[in-house]
Amino acid sequence: MGHPNRPTRVSRRADVARQARTTVLLCAAMLPTMTACGSSGPAAVSPAPTTISATMPPSTAATPTVDPFAGLPLIDHTDWTEAIDGPRLLVYPTPAGRQTTFPGTDERAWQEVLAQAPDADTPGMRDQFICHWTWARLVEPDKPSWNLEPWRPAVGYQATVEARCNPGGPER
C-alpha cells in the first residue's frame, strides 16, 4: 500500500489497458444508437449525446509495423445510384479494406475510390468516406456498402463525425 500523500504510479501497460477498455465501452455504447454510416432503420434506443474525437481514431490493438494487406485492393467496387435525396455513391470495401489498421490505408483506399468514381472528388465526400473508414468499420463491420452523398454539405471532418458520417440529415 502506498503512502496516502503520494500519487499512485500507473504502469504503461495498465494505462494502455484502461484506454482499450474505454474504447470498447464507447463503441458498445454507440452500437444501439448508431444510425449513421448508412443504416437503413431508426435506432432501437434514442441516441445519447456522444462526442467523438475525430483526431484520435479508435484502436484496441497496437499499430502494425508492416502492412499485412500491402498490394491488395481495399475497395472492391463502387456504384452510383439515385436515392430520394439525390445521387449516392455506394462504396464496397474488400475483406482487406474491412480489416486493415495500417496507418495511411485510409488515403490509399480513398485513392482507389477516386480511380473507380472520379466524380467523388469533393471535400464533403472525402470526409464522409474517412468517417466511414474510421468509424463505420468499427460500429458496423459487415455493412455491405458505405454510402456517400455529394449533396451533403462539406462541414469538415470533425462535424462529419459528429453527424455520424451524415452531415445535413439522416440517410433516407
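Two strands are said to pair if DSSP finds at least two bridges between them. Helices (H or I, at least four residues) and strands (E, at least two) are themselves DSSP runs, numbered from the N terminus. With those terms in place, I shall present the structure shown above.

The model is predicted, so local features need pLDDT of at least 70 and side-chain atom pairs count only at pLDDT 80 or more, while totals for chains, interfaces and linings use all residues. Residues are numbered from 1 along each chain as its sequence is written, and side-chain values use heavy atoms, with hydrogens and water left out.

Let me begin with the overall layout. The protein has 5 helices and 3 strands, and along the sequence they follow the pattern α-β-β-α-α-α-β-α. Of its 172 residues, 38% count as buried. Buried means under 20% relative accessible area, exposed means over 50%, and partly exposed lies in between (1.4 Å probe, protein chains only).

I turn now to the sheet. In general, strands of a sheet pair through backbone hydrogen bonds, either parallel or antiparallel. Here, 3 strands form an open sheet in the order β1-β2-β3, and the pairing is antiparallel. The edge strands are β1 and β3 (146–148), each of which pairs on one side only. From one strand to the next, the twist averages 25°; axes are lines fitted to C-alpha atoms, for helices over the stretch in contact, and angles run from 0 to 180 degrees between N-to-C directions.

How many bridges does each pairing contain? Between β1 and β2 there are 8 bridges, and A83 stands opposite G86 in β2. A hairpin of 2 residues joins β1 to β2. Strand β2 (residues 86–93) and β3 pair over 3 bridges, with L90 opposite N147 in β3.

Two helices lie across this sheet. Helix α3 lies across β1, β2 and β3 and runs at about 55° to β1. Helix α4 also lies across β1, β2 and β3, running at about 160° to β3.

Next, the interior. In soluble globular proteins, nonpolar side chains tend to be buried together. By definition, a nonpolar core is a set of buried Ala, Val, Leu, Ile, Met, Phe, Trp, Tyr and Cys residues joined through side-chain atoms within 4.5 Å. The largest such core holds 24 residues, and L89, V91, W110, V113, A120, F129 and L148 touch the most other members. The elements that give two or more residues to this core are β2, α3, α4, β3 and α5. The largest share, 7 residues, comes from α4.

Which residues does F129 contact, leaving aside its neighbours within four places in sequence? They are I75, V91, D106, A109, W110, V113, W146 and L148, where contact means heavy atoms within 4.5 Å. Among contacts in the protein between residues at least 6 apart in sequence, 65% join residues at least 24 apart.

Let us consider the disulfide. A disulfide is a covalent bond between the sulfur atoms of two cysteines; the cut-off used here is a pair of cysteine sulfur atoms within 2.5 Å. The count comes to 1 disulfide, formed by C131 and C165 with their sulfur atoms 2.0 Å apart. The torsion about the S-S bond is about -80°, so the disulfide is left-handed. This pair links distant parts of the chain, with C131 in helix α4 and C165 in the segment after α5 (157–162), 34 residues apart. Both C131 and C165 are buried.

Finally, the charged pairs. Side chains of opposite charge can pair when their charged atoms come close. A salt bridge is a side-chain nitrogen of Lys or Arg within 4 Å of a carboxyl oxygen of Asp or Glu. The whole structure contains 4 salt bridges.

One of them joins R108 to D67, with the closest N and O atoms 3.6 Å apart. R108 lies in helix α3 (residues 105–116) and D67 in the loop between α1 (12–30) and β1 (75–83), 41 residues apart. R108 is partly exposed, at 25% relative accessible area, whereas D67 is buried, at 16%.

Another salt bridge joins E107 and R126 (2.4 Å, N to O). It links helix α3 to helix α4 (residues 123–139) across 19 residues. E107 is partly exposed at 28% relative accessibility, and R126 is partly exposed at 31%.

R152 and E149 also meet in a salt bridge (2.7 Å, N to O), and both residues are buried. Salt bridges that share partners join R88, E149 and R152 into one network.
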